[in-house]
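Look at the structure below and keep the sequence beside it.

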Amino acid sequence: MFHEATQSDKALYSRLVPTKKGKREFAPLMFKRLKKLGIDKTNPNDLTPEEINRFARLDIDPETITWNRVLDTNDRFLRKITIGQNPTEQGHDMKERLGAMVVATSKRGDAVTADDIGVTGALAVLMKDAIKPNLMQTLQGTPVFVHAGPFANIAHGNSSILADRVALKLAGTEEGDSANRVGYVLTEGGFGADMGMEKFCNIKCRTSGLKPNATVIVATTRALKMHGGGPEVTPGKPLADTYTKEDLVTLKEGCKNLVKHIQNSKKFGVKVIVGINQFATDTDAELQLIRDECLAGGADGAVISNHWAKGGEGARALAEAVVAICEGESDFKFLYDLDLPIEEKIGIIAKEIYGADGIELSDAAKTQVETYTRQGYRNLPICMAKTQYSFSHDPKLKNVPSGFTLPIRSVRLSAGAGFLYPILGDMQTMPGLGTRPGFWEVGLDPESGRVVGLF
């Protein structure tokens, strides 16, 4: 913007396409911008003054800049990653996505992309190693790929497609299984069926072409009691007796929230199993109550899992139930059609998944929707940014709220990632740490060398 404001078209063009050793040539990436502008010329000297003006000037409207952070990254810890050497995994799709990122809108109303700025190649060099999954393992040696984006309240909150595809190739079977037996891959969608799972189905599955056989919803007595009207929980402060002692009344009321998650999952045509995450203070009556409410609410299975205390052994019953439920065919389906208008797609999620009466777009959001529609981004899926504490936009509305209208503060575009993300209410897209973050408690036991303070 500074260079465009202080130079003539001729001077700007001469600096963008300089003469070197008597010859003037476009950089390879510049041909994508020429094509975008409808200029079918390869010789820089052939452009007309009007074409030079359009090519050289991004003409960014400063009020529309969406990429507000620029970071000069020099991270030595990324230098020695060497996995993913197959020629089919050399980042061609990544370069297309990086180049498609929209950083602003021109005063003519056109999207200004990373390709237009000319940084796609540099971004690809920066990302070529970091983009590959990290292979780790559980405490009992089960392989795990850790490769994900930001949390599901502000982004899609899922593991990468690349990690899922590699895992599907490597998934093993038990000794003695028949030759036609297949392995199983569990991939995480953050938070609940209203967030990570909805985005897994409507965004990730559209891109990957993969279909889930089943979904596992993890539930705890404490979370359900909170939705049932239990006292507020404050990090760093002792839990109220409601959460550590038997309270079947509060728990049963909170199970309505879990049933809504089950119903949401069923809308995608997949089978649902609830993993009841057992804690030391849970009573048998509480655990059985959750199981009964899940089955009555439409779950295909509900299993008490004590992996917190017993590791793999404590989760065996849940794993066996998941295997059994996955044996049948999946009737997976999407919640909405991509060809629908942006506002209508947002409304479907609001009504079907959150239980809202409708949506209300701010003036800014309406303008943004109009801009993205005009620029050709209408057919992208929706990635809602909202609180994880409620089905609504308001974290104080617990359990299964109703009778509310969802306020859409703004709608932003992630053209490279391939989705639009409406921002609901007061939601912030950059999470921060509390006054006393959890890392204060984490350390190493000086005698045993074991990690302490994680739980």
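The paragraphs below go through a sheet and its helices, then salt bridges, a loop residue and a surface patch.

This is a predicted model, in which local features need pLDDT of at least 70 and side-chain atom pairs count only at pLDDT 80 or more, while totals for chains, interfaces and linings use all residues. Residues are numbered from 1 along each chain as its sequence is written, and side-chain values use heavy atoms, with hydrogens and water left out.

Begin with the sheet. Helices (H or I, at least four residues) and strands (E, at least two) are DSSP runs, numbered from the N terminus. Two strands count as paired if DSSP finds at least two bridges between them. Three strands make up an open sheet here, in the order 7-8-9, with parallel pairing. Strand 7 (214-219) and strand 9 (301-305) are the edge strands, each pairing on one side only. From one strand to the next the twist averages 25°; axes are lines fitted to C-alpha atoms, for helices over the stretch in contact, and angles run from 0 to 180 degrees between N-to-C directions. Five bridges join strand 8 (residues 271-277) to strand 9 in the parallel sense. For Asn-277, the bridge partner in strand 9 is Ser-305.

Helix 12 (residues 248-266) lies across strand 7 and strand 8, and runs at about 165° to strand 7. Helix 13 (residues 284-296) packs on the sheet and touches strand 8 and strand 9, its direction making about 160° with that of strand 9. Contact here means heavy atoms within 4.5 Å.

Next come the charged side chains. Side chains of opposite charge can pair when their charged atoms come close. A salt bridge is defined as a side-chain nitrogen of Lys or Arg within 4 Å of a carboxyl oxygen of Asp or Glu, and the structure holds 16 of them. Helix 12 contains both Lys-256 and Glu-253, three residues apart, about one turn of the helix. Their side chains meet in a salt bridge (3.1 Å, N to O). Is this pair buried or exposed, or in between? Buried means under 20% relative accessible area, exposed over 50%, and partly exposed in between (1.4 Å probe, protein chains only). Lys-256 is partly exposed because its relative accessible area is 46%, and Glu-253 is partly exposed at 32%.

Another salt bridge is formed by Lys-204 and Asp-164 (2.5 Å, N to O). This pair links distant parts of the chain, with Lys-204 in helix 9 (residues 196-208) and Asp-164 in helix 8 (residues 161-170), 40 residues apart. Lys-204 has a relative accessible area of 9%, so it counts as buried. Asp-164 is buried as well, at 8%.

Ser-159 sits in the loop between strand 6 (143-146) and helix 8. With a relative accessible area of 15%, Ser-159 is buried. Leaving out residues up to four places away in sequence, the residues that Ser-159 touches include Asp-164 and Lys-204.

Last, turn to the surface. Val-442, Leu-444, Val-451 and Leu-454 form a nonpolar patch there, with about 390 Å² of accessible area together. Patches are made of residues with over 30% relative accessible area and no salt bridge, with like charges joined within 9 Å and nonpolar side chains (Val, Leu, Ile, Met, Phe, Trp, Tyr) within 5 Å. Accessible areas come from the Shrake-Rupley method with a 1.4 Å probe, and for residues only the protein chains shown count as cover. Val-451 belongs to strand 14 (residues 451-452).
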